[in-house]
Amino acid sequence: MLLTIDVGNTHTVLGLFEGEDVIEHWRLATDARRTADEIAVVLQGLLAQSPLLKGADVDGIAICSTVPSVLNEMREMCRRYYGDVTAVIVEPGIRTGVPVRMDNPKEVGSDRIVNALAAIDQYGGPCIIVDFGTATSFDAVSAKGEYVGAVTAPGIEISVDALAAAGAQLHKVELVRPRSVIAKNTVEALQAGIIYGFAGQVDGIVERMAAELADDPDEVTVVATGGHAALVVGESRSIDVHEPWLTLIGLRLIYHRNAS
């Protein structure tokens with residue numbers, strides 16, 4: 001089985017593949033202070049408690065990380081505890097098959113390239129990937145499978161935290177769809193602003209990106225992923241597909257391109 005690990009700024013998502021299927025998954029808080037030994041304890045505990053695994057062994061590991069300190073500990077964890085398992089870490093020199101057409105390709109996060117590869121493999125190009133993570137990122141991939149550009153906006157959680165911190169009579173609310181857009185109380189007013197505000201942001205940015213990306217914007221497939229995608233997908237006019245495991249799928253593809 002292949003273990004895939006996507007380390008983000010806020011959360012770390014782990015998925016276990018049997019063939020092309022995700023058969024088990026976990027979401028953890030990313031902690032830059034966690035050591036290789038602590039990561040190993042957490043990982044082995046998760047694997048041991050899963051009733052789906054029944055003693056099956058991990059025979060491959062694929063990792064991408066936007067947090068350098070965590071990546072270093074992940075690398076050490078693989079060396080110390082999974083030394084006999086092939087580990088592929090997405091970093092310079094790894095074959096992805098995605099040409100990066102940016103002014104400085106090194107600035108592009110590894111997770112965004114992984115997402116681009118998965119989107120092209122699953123849905124073809126041209127496409128736009130909307131990743132609802134710590135930031136809300138929009139990645140443009142051409143019909144040729146090239147990563148051609150991006151938009152980055154503040155994420156949902158960051159925006160909610162900032163609003164609660166700055167407003168004396170405002171506080172954090174549960175992120176769920178309110179009864180209506182025109183709210184009758186402060187909690188639902190905040191929920192409406194968050195859910196419908198971000199849906200409108202997505203539609204506006206995607207519309208402009210699609211017009212630049214293709215002669216016929218209707219040919220552009222819009223793929224949503226990330227921890228908060230489910231909040232917005234049902235309210236957005238522009239999102240075509242919701243794939244929560246897009247990064248994990250990309251890690252699986254990269255592993256098989258590089259493991260040999």
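What follows takes up the annotated residues, then their surroundings.

This is a predicted model, in which local features need pLDDT of at least 70 and side-chain atom pairs count only at pLDDT 80 or more, while totals for chains, interfaces and linings use all residues. Residues are numbered from 1 along each chain as its sequence is written, and side-chain values use heavy atoms, with hydrogens and water left out.

The UniProt annotation "binding site", from an unreviewed entry, covers Asp6, Val7, Gly8, Asn9, Thr10, His11, Thr12, Val13 and Thr134. These residues span 129 residues in sequence, yet no two of their C-alpha atoms are more than 13.3 Å apart, so they gather at one spot. Val7 and Thr12, of these residues, are included in the lining of the largest cavity. UniProt positions are given in the numbering used here, feature names are shortened, and annotations may be inferred rather than shown by experiment. A cavity is, on a 1 Å grid over the protein atoms alone, a set of points where a 1.4 Å probe fits but cannot get out, whereas a pocket is an open set with protein on both sides within 12 Å along at least five of seven lines; lining residues have an atom within 4 Å of a point.

Val7 lies in strand E1 (residues 2–7), and Thr12 in strand E2 (residues 11–18); helices (H or I, at least four residues) and strands (E, at least two) are DSSP runs, numbered from the N terminus. Val7 is buried, with a relative accessible area of 0%, and Thr12 also counts as buried, at 7%, where buried means under 20% relative accessible area, exposed over 50%, and partly exposed in between (1.4 Å probe, protein chains only). Leaving aside neighbours within four places in sequence, Val7 is in contact (heavy atoms within 4.5 Å) with residues including Thr12, Thr30, Cys64 and Met74. With that same exclusion, the residues touched by Thr12 include Ile5, Trp26 and Leu28. Leu3 is placed in strand E1 as well and is buried at 0% relative accessibility; beyond four places in sequence, its contacts include Leu14, Leu16 and Ile61.

A further "binding site" annotation in the unreviewed UniProt entry covers Asp131, and for "active site" UniProt lists Asp111. Asp131 is found in strand E6 (residues 127–132) and is buried at 11% relative accessible area, while Asp111 lies in helix H3 and is buried at 16%. Not counting residues up to four places away in sequence, Asp111 touches Asp6, Cys64, Thr66 and Asp131.

Elsewhere, helix H5 (residues 186–213) has 28 residues and reaches 40 Å from its first C-alpha to its last, close to the 40 Å expected at 1.5 Å a residue, the expected span being 1.5 Å times one less than the number of residues.
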